[in-house]
Amino acid sequence: MKPIYSKAQLEYLRAKTKFENKASTLEKKIEMTRKTREITQEVMEGLVMETGFHDAYNELMLSENQLIEWSHSTVKHEKTYRENKQPIEQMYQNLNTSPEMRAQIIELAMKIR
């Protein structure tokens with residue numbers, strides 16, 4: 001049976017897929033460009049914009065933030081939250097100071113049904 005996702009989860013999946021596709025395209029462009037010229041900061045910035053990687057990254061960050069916000073409000077209705085309120089709130093407070101914590105929260109948010 002196919003899982004049912006919330007709007008925030010679907011948007012995150014869409015943005016993540018787009019980001020991964022643009023990252024792959026960017027890598028290929030870098031390799032092709034490297035054969036003909038040096039990859040300077042200016043060249044890299046041009047490739048990032050040309051491939052749409054920058055926009056895909058921004059969309060991914062926005063969708064991650066919306067997913068985190070959605071999960072934080074959704075999890076408050078769960079029994080587990082009421083039993084572990086302090087550690088869970090601590091996780092959400094530290095999400096912007098620790099990339100590992102942010103990734104963990106996103107992973108957990110994708111498991112909410």
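Just after α2, G52 adopts a positive phi of about 85 degrees. Helices here are DSSP runs (H or I, at least four residues), numbered from the N terminus. The model is predicted, so local features need pLDDT of at least 70 and side-chain atom pairs count only at pLDDT 80 or more, while totals for chains, interfaces and linings use all residues. Residues are numbered from 1 along each chain as its sequence is written, and side-chain values use heavy atoms, with hydrogens and water left out.

The buried residues of α2 are V43, L47, V48 and T51 (buried: under 20% relative accessible area, 1.4 Å probe, protein chains only). They span an arc of only 135 degrees around the axis, which places them on the same side of α2; the arc is that of the directions from the helix axis to the C-beta atoms. An α-helix has 3.6 residues a turn, so residues three or four places apart point the same way. The face turned away from the buried side of α2 carries Q41, E42 and M49, which are exposed (over 50%). The cover over the buried residues of α2 includes α1 and α3 (53–75).

Helix α1 (residues 7–34) packs against α2 (residues 41–51) at an angle of about 140 degrees, with the axes 9 Å apart. Axes are lines fitted to C-alpha atoms, for helices over the stretch in contact, and angles run from 0 to 180 degrees between N-to-C directions. The pair α1 and α2 is therefore oblique. Angles under 35 degrees count as roughly parallel, over 145 as roughly antiparallel, 65 to 115 as roughly perpendicular and the rest as oblique. In this contact (heavy atoms within 4.5 Å), K22, T25, L26, K29, I30 and T33 of α1 meet V43, M44, L47, V48, E50 and T51 of α2.

The axes of α1 and α3 come within 8 Å and cross at roughly 155 degrees. That makes α1 roughly antiparallel to α3. Residues of α1 in this contact include A8, Y12, A15, F19 and A23, and those of α3 include F53, Y57, L60 and W70. By class, the contact of α1 with α3 has 12 nonpolar, 3 polar and 7 charged residues. Ala, Val, Leu, Ile, Met, Phe, Trp, Tyr, Cys and Pro count as nonpolar, Asp, Glu, Lys and Arg as charged, and the others, Gly among them, as polar.

F19 lies in helix α1. Not counting residues up to four places away in sequence, F19 touches F53, A56, Y57 and L60.

Note on methods: Helix = DSSP H or I, 4+ residues; strand = E, 2+ residues; numbered from the N terminus.
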